[in-house]
Amino acid sequence: MGIEGYVIVSAVLFVLGVTGVLVRRSPLVMLMAIELMWGAAALLVLTFGRLFGYMDAHVFAFMIIVVGAAEAAIGLALIVQMFRTKEAADVDDVRALRG
């Protein structure tokens, strides 16, 4: 697969992630969609790093993965807290977590 293929796959993954965030109301599905966008960004960084011969792209991709994992941990903690206070979780219930 050429560079164009990687860019197309990355764009498709990113669009699917954006669609998941905008359409779905479940915070867990939204979190997975955001992870999909992080993966698309990492794939694009690695693609252009390979295209231009920069090995620093691996470091940036690793940072993207680390930030995505931290975001997932915080998001899952918030979702668990929402489920503990209420039996159902909806994005509109996030207002209840305000201090």
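What share of the 99 residues of the protein chain counts as buried? The share is 22%, with buried meaning under 20% relative accessible area, exposed over 50% and partly exposed in between (1.4 Å probe, protein chains only). A note before the views: this is a predicted model, where local features need pLDDT of at least 70, side-chain atom pairs count only at pLDDT 80 or more, and totals for chains, interfaces and linings use all residues. Residues are numbered from 1 along each chain as its sequence is written, and side-chain values use heavy atoms, leaving out hydrogens and water.

View 1. The C-alpha atoms fill a box of roughly 50 × 25 × 20 Å along the principal axes. The radius of gyration is 16 Å, while a compact globule of 99 residues would come in near 13 Å; the radius is taken over C-alpha atoms, and the globule rule is 2.2 Å times the number of residues to the power 0.38.

**View 2. Helix H3 covers residues 56–85.** The buried residues of H3 are Ala 57, Ala 61, Ile 64, Gly 68, Ala 72, Gly 75, Ile 79 and Met 82, and they pack against helix H2 (27–52). An α-helix has 3.6 residues a turn, so residues three or four places apart point the same way.

**View 3. Leu 31 sits in helix H2.** Leu 31 has a relative accessible area of 10%, so it counts as buried. Leaving aside residues up to four places away in sequence, Leu 31 touches Glu 71, Ala 72, Gly 75, Leu 76 and Ile 79; contact means heavy atoms within 4.5 Å. Val 21 is ten residues from Leu 31 in sequence and 7.9 Å away, C-alpha to C-alpha.

**View 4. Phe 14 belongs to helix H1 (residues 3–23).** Phe 14 is partly exposed because its relative accessibility is 41%. Beyond residues up to four places away in sequence, Phe 14 touches Met 37 and Ala 40. The C-alpha atoms of Phe 14 and Met 37 are separated by 4.7 Å, though these residues are 23 apart along the chain.

Notes
Helix = DSSP H or I, 4+ residues; strand = E, 2+ residues; numbered from the N terminus. Expected span 1.5 Å × (residues − 1).
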